[in-house]
Amino acid sequence: MDTRFEIFLSAPPGLEPVLLDEVAEAGFAEPQAVPGGVTVMGGWPEVRRANLVLRGAGRVLARVGEFRAFHLAQLDKRARKFPWAGVLRPDVPVRVDVTCRNSRIYHDRAARQRVERAITETLGSPIEAEAPLRVMVRIEDDLVTISVDTSGEPLHRRGFKEAVGKAPMRETLAALFLRQCGYSGTEPVVDPMCGSGTFVIEAAEMAAGLAPGRGRGFAFETLAGFDAAEWAAEKAGLPRRETTLVFRGSDRDDGAIRASLANAKRAGVAGICAFDRHAVSDLKRPDGPPGLVIVNPPYGARIGDRKLLFALYGALGARLREDFAGWRLGMVTSDGGLAKATGLALEAGPPVAFGGLAVKLYQARI
């Protein structure tokens, strides 16, 4: 099988350009933004590296082959000729997902049965509905594209955030919002409504040069040809940077502070993070150079009464104007009216799906 293929890196719609920037900065070949993510060209080494180092990608799909099929019998025949042994192992269960669109093959379930049978009868891999390893087949305009989900668990599950609060921010989304704010790990970050600490911990990891996938396993570890020793050496060779910065979070809820501290400790960044319990109205500028205030406050559709939230947003804006001159603000909310209540000159980014809502990142220079 050709060792070079297209790799798809998923992103929330609206944030594809932000992931493209990260992917290009990381040196992946031929990056292109497409609806729902970014594509690059590479092979299995690039698949491993993407899972390990990209902070904003939600999944890494290896598009390992394609062929034309105009009817089910043709799909059956060509699926049996596909070199499954170059990708899958006969002793590892797989599950198969099929989607059909604008094709003469239009019955997803019938198409899935043909592919499943081809895998079991030519390779021997068992088919299990809940198998961690997933083969994804897309039939569009009569072109059958076969992909493998090389991540397994979604990549926002870094393996460190066990304690979560209400409506937690996904780590991948937090990383993209940080990048959208221009954050690169060289300035302090403050989150005055930190919840379980996602923004603060993500910023600290970026500053320390810690790879987001360092503490978890991936589906590609169960594929044919995977070399465990090579993978261990790859992870062991990751650099770590020293930083003198401190990343600060605060919240009025004791449980949120305990969760943040526990999560930071598990992530190995507790030494450069500080979490304190206090209200937004008691927010104080930390000593040192200006940096980024980033916050995901409550918005009425999600948590709390909207009418009561105007005072909260107003208090945040007042504290920032009084004490944070020279800093920047990044604020995630679904409610433009609440954002306006800060009294700051905000610029809104594109809408992004989060928690069943369309949120935007509002930015301002204070």
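This is a predicted model: local features need pLDDT of at least 70, side-chain atom pairs count only at pLDDT 80 or more; totals for chains, interfaces and linings use all residues.

Analyst: Residues are numbered from 1 along each chain as its sequence is written, and side-chain values use heavy atoms, with hydrogens and water left out.

User: Why are H1 and H5 called roughly perpendicular to each other?

Analyst: Helix H1 (residues 16–25) and helix H5 (residues 171–180) pack at an angle of about 85°. Roughly perpendicular covers 65 to 115 degrees, so the term applies to H1 and H5.

User: What makes the contact of H1 with H5?

Analyst: Contact means heavy atoms within 4.5 Å. Val18, Leu19, Asp21, Glu22 and Glu25 of H1 meet Leu176, Arg179 and Gln180 of H5.

User: Which are the edge strands of the sheet?

Analyst: The open sheet has seven strands in the order S2-S3-S1-S4-S7-S6-S5. Two strands pair if DSSP finds at least two bridges between them. Strand S2 (29–34) and strand S5 (95–101) each pair on one side only, which makes them the edge strands.

User: How do you know that S5 and S6 pair?

Analyst: S5 and strand S6 (residues 134–140) share seven bridges, in the parallel sense.

User: What makes helix H6 mostly covered?

Analyst: Buried means under 20% relative accessible area (1.4 Å probe, protein chains only). In H6 (residues 198–208), eleven of its eleven residues are buried, including Phe199 and Glu202.

Terms used
Buried means under 20% relative accessible area, exposed over 50%, partly exposed in between (1.4 Å probe, protein chains only). Helices (H or I, at least four residues) and strands (E, at least two) are DSSP runs, numbered from the N terminus. Axes are lines fitted to C-alpha atoms, for helices over the stretch in contact, and angles run from 0 to 180 degrees between N-to-C directions. Angles under 35 degrees count as roughly parallel, over 145 as roughly antiparallel, 65 to 115 as roughly perpendicular and the rest as oblique.
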